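Have the structure up on your screens, and let's walk through a few charged pairs and then a couple of other spots.

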Amino acid sequence: MFIYLSKKIAIPNGVKLKCVSWNSEQGWIACGGDNGLLKVLKLESGTPKDPKSKMAPASSNLSMNQTLEGHNGSVMVVNWNENYRKLTTSDQYGLIIVWMLHKGMWFEEMINNRNKSVVRDMKWTADGQKICIVYEDGAVIVGSVDGNRLWGKELSLQLALVEWSPDGRLILFCTVQGECHIYDCNGNAVSKLPLYCMEGCSGTANIVGIDWYDGLDGSTDPNAPTLALGLDNGRVQLMRGETDEKAVLIDTGLRATRISWNTSGQVLAVAGSQTTGELREASMVQFYSHTGQHLRTLRVPGSGINALSWEGGGLRIALAVDSYIYFANIRPDYKWGYFGSTLVYAFNKPDRAEHCVMFWDTKSNDRYAKYVKKLINIRACGEYCVLSTKGEEAGQYILILCNAIGSPVDSKYIETEPTFMTMTQYHVIVASEEVVYIWQYRTPVAKLTSVDVDGTASMRRKDGRERVFHIDDKVIHDEPATASEKLRAPSNSTNDPVCAICASDKCLLLGRESGIVNRYSLPHLSVENTYVLRCRPQVMELNSNSSRMSIIDINGVLTFFDLQAKGPESGTMGEHLPFERKDAWDMRWSDDNPELFAIMEKTRMYIFRGMEPEEPILSNGFLCEFSDLQIRAVLLDDVMRTPDHPDKDYFLDFETKSLRDTRHILSNIGINDAYQFIEDNSHPRLWRILAEYALEQLDFTIADKAFVRCADYQGIQFVKRLQLLDDKAKQHAEVAAYFKRFDEAETIYRDIDRMDLAIEMRMRLGDWFKVEKLAGSGASDDSLLLLAWNKIGDYYSDRQKWNKAVAYYAQAKNTERLVECFYVLEDYTGLENLINTLPDAHPLLCNIGRKFMSVGLCEHAVIAFQKGADIKAAIDCCVLLNQWDQAVELAEKNDFGQIEAVLSKYANYLLEKQKPLQAVELYRKAQHHTEAAKLLSKMATEAAALKVQPLRTKKLYVLAAMEVERFRKKALNVDVMMTHDSTYTSKTMAAQTLDGLMTLDQASSSSGDTNMENAWHGAEAFHFWLLAHRQLYDGDFDGARRTSLLLQEFEDVLDPVDIHSFIALASFYSKYYGKCSKAFIKLESSSAIPSEKQEQFAELAISIFTKHPPQDPSSKGGRKGKEAKGGHHGKIAQTVCVASGKEVSGESMMRCKHCKHVMINTELRGSNFCPLCHGGISESLGGMGGEGGPGSLYPLPIYEDTGLE
């Protein structure tokens, strides 16, 4: 950072000032002094859009200068309440006045006078809600912003200063004796603040200042000290809180009078005086970082600094010295860089603990924000910038190489602290006070060392050259480190640490505190030379050819050092040039001229050619780049005020005097004089300006010479081409096009009736909209219009404006591009229409088919593939989209035999993945009903063996039976064939029927599955099993017994033990003890039951039949329906009601069209679904012999796991 005095305001009548306070929000400055002096001042500030206001940081004029009357004694304390715009003041007699702003003037609002003691200090809380007033006799008063007294207390202390904690929970009281006591916000004593800075100090010291940063502007380091306490002996301690035991201790060497944090809590100002060598007291302000590092010292004229206060933003500081207010401007050390057209800068956000690093493209105005933890510094050069940060581990640091949008390109973990950092086109150099680290991140032949492209265009990592050496090393080993070697910083120390570094593509310069500068060669590292300076450098820069070096020392003095001159002593190199400038804080060499440079002195910028300055320019910008006789600067102070929304007006471009003079001579004198002037002040930029002016005048001789001097080969060729043209109008048109004045060139071509040349120019420019307009006016044929429409379509499609692209492609009849646009727009109707417009076997048809296939539209895809004569692709599409029925149909029609193998392979894959239901669905869609029935039957058999979910088992059997029925219907469906083919005769029908019967018989015999012959047998078994249980639980014991007797027909499906156990149970409850006895006999004689279980059955039978004789009742009154008898032998479908288990004989009944089972109408109880297969039934059948009409069948659900649960 750099600090300089910029303004002085004298107080009338020489009244000495006692205090000063700067309102950081609104900018008012309050100052108080002897004889009741109290003034409120305000400095002017220009509007951001005012070009004059952008040149300097602040104006010197006062926009407010009001004297406030009300105090009689010396005003000792002034304090702002910024949130509520109030000013509180106090004088030596204890009078306190609260001032308020009304219509631009300050008036008294409240007055208080205790009349007992003097007010020594008063402070507002950070939110402005409370004020604490301390008196010298120990009285403390805490009041609210509206004037109410909250509490008061008499402390047995001689108070001097007071400070609130940032959260308003604690109050710190400093005494005259040099102690600091901590109280809570209600006045209760908490503890005593330890003064570590007094350790090792003899005698006593008074506390002259205490300041606790309120944190309103945020902080990037949560562990940064915020509480500063200063003593009059110059000792200062910085603490992270009231309990911090590891305070940062500073010995300023001053007789301190005041201390104060800036508004961001990053810089601490300590005001005081120091005895010089001439035994004179010199007033000064020293500035320290929050880590205790000394940043700068500002000397101030006068006999002593009585008060200081920071401006909001921390760019200025006000000092009360005698009867004057001195203002000092501060040029902060922003973390920023400029490369290409990108400005990268870091700033704090109150709600984030990290630094926000903004990458701002100043051309497109695009901004990219990145959040970086523990950021240390930023440097930029060429196409990249580098960010240095602290790592998570102690002693670890990270270098992050970023591009223009903030994306990390490469990174390195290092152990060298990046106290100093610089960057060139090829290297990043980092230095601590003792160790130097060099990273060659790119080479002249490779864009980046971290990325390499081999012959196969594949990317691979390649480590860049890294070097670490100690600054005292005389010999540096430049061998490349192995991949496994870890670069560790040397541990030895030095007595002459590094204080500045700079580098170019050729060499590296390290400045040391003694004034010695070591020079090293790059990229092959070796010690080249050692120079001796007469100052301690702080900032060093090399010119474009590394022949001269600029030095700004710690006092802001700029000097130059010639690196190629011979030194004053024999064998030495380099000498100081007779040039010196004071108060310099920034400097930039020209990129293309080693004699040109620009410097910033206070608020002025000077441009030098050699050692001769041009007239100064009022500016406060930071220098970004200097090239082509033009300087670009950025107003970083303004950028940091609104960092999230920077304005392009914050950039300033300045031209050198030679550039301005050249333009003046060309416009006012003549081209020959300008040629001579540029000859004397040669520069490529000036020759280009002369060449362009000569082209405008069609002076090809001068233009050719100028292009030669600036080495512009294209310009030379352009001049030659112009000389071949025979028409001056054409020459003017070409020159206008050369300077990108295309409309003017077109107008000239129109005037000479050469529309063809205008069209050719627009085509070269790619301005196809103008080409369409010119071609549409009749200046060309239809082929050019088609080309223009296609190009305009390409223009819109590149920008993803697909609807507009479709319109132009349609005009151009570009079907290929229309296909792509319709696909992106998901306009499948448009794609379908294109199928009809294309001829058969057109290559685009297959492309359309693939696009339909990619979105799952199988039907349209098949149509496209078929029209494109690619049957295999159509079948593959059906297979991929699981439309197996259509795939099989296509394969049969086109004699494609591979479909069966694909189907079988996919089904086996599903079975291996334990997805049998998906395999069933696959077979079903492919109309392979027998395979589907076999899988379902197998699943039903496995489910039956588990004896867990009988309902699921029934459903599986029903589904298997339905598949068998579908197979039968397909095999014997001759009627349908006859309706589609009128050539069918009775003989043909008989042959077809016989063929179907043989197919059915072959399938039944080859499968080996009884389910194919009697498809409904398993479904009947579990249906009646479930029905019997339902009847038993409903209390219909006769029905349960009757239904259970039917289960004897299904001992091949159900477990006989379970069947006879249920018969015994149902017979017992229905009091049919004879049937029950027979069931027990079956159980006791069953070989499948263990002997222990048989004994239990026997014991149970004895206990039952000793009470009830094993006889059935002769007749059961009120019995509903007839009892089904055994021996049905597969005729259950025709003889037993599936709704009740009763035998059917003459009752009004219905027959299910799907499973062909009968049911008594009265037993359905209004249901329209078959109890067995759950198919819909809609028509009753009267009697067993009648063949019912067609009943409606509702389709079965898709076979999913959830459908069977």
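Start with Asp472 and Arg512, whose side chains meet in a salt bridge at 2.6 Å, N to O. By salt bridge I mean a side-chain nitrogen of Lys or Arg within 4 Å of a carboxyl oxygen of Asp or Glu. Asp472 sits in the loop between β42 and β43 (498-503) and Arg512 in strand β44 (residues 507-512), so this pair ties together parts that are 40 residues apart in sequence. Strands here are DSSP runs of E, at least two residues, and helices are runs of H or I, at least four, numbered from the N terminus. Arg512 is buried, at 8% relative accessible area, while Asp472 comes out partly exposed at 33%. Buried is under 20%, exposed is over 50%, and partly exposed is in between, with a 1.4 Å probe and protein chains only.

Before I go on: this is a predicted model, where local features need pLDDT of at least 70 and side-chain atom pairs count only at pLDDT 80 or more, while totals for chains, interfaces and linings use all residues. Residues are numbered from 1 along each chain as its sequence is written, and side-chain values use heavy atoms, with hydrogens and water left out.

Next up, which residue does Glu466 meet in a salt bridge? That's Lys412, at 3.2 Å, N to O. Glu466 lies in strand β42 and Lys412 in strand β36 (residues 408-414), so the two tie together parts 54 residues apart in sequence. Both ends are buried: Glu466 has a relative accessible area of 16%, and Lys412 has 9%. The Glu466 side chain also makes a polar contact with the side chain of Tyr437, at 2.7 Å. A polar contact is a pair of N or O atoms within 3.5 Å; within protein, one must be able to donate a hydrogen and the other to accept it, and residues adjacent in sequence count only if both atoms are side-chain atoms.

Now Arg754 and Asp756, which form a salt bridge at 3.0 Å, N to O. Here Arg754 is partly exposed at 26%, and Asp756 is partly exposed too, at 40%. There's also a salt-bridge network linking Asp743, Glu746, Arg750, Arg762, Asp767 and Lys770. How many salt bridges does the structure hold? The count is 50.

Tyr1069 is partly exposed, with a relative accessible area of 43%. That's my tour, thanks.
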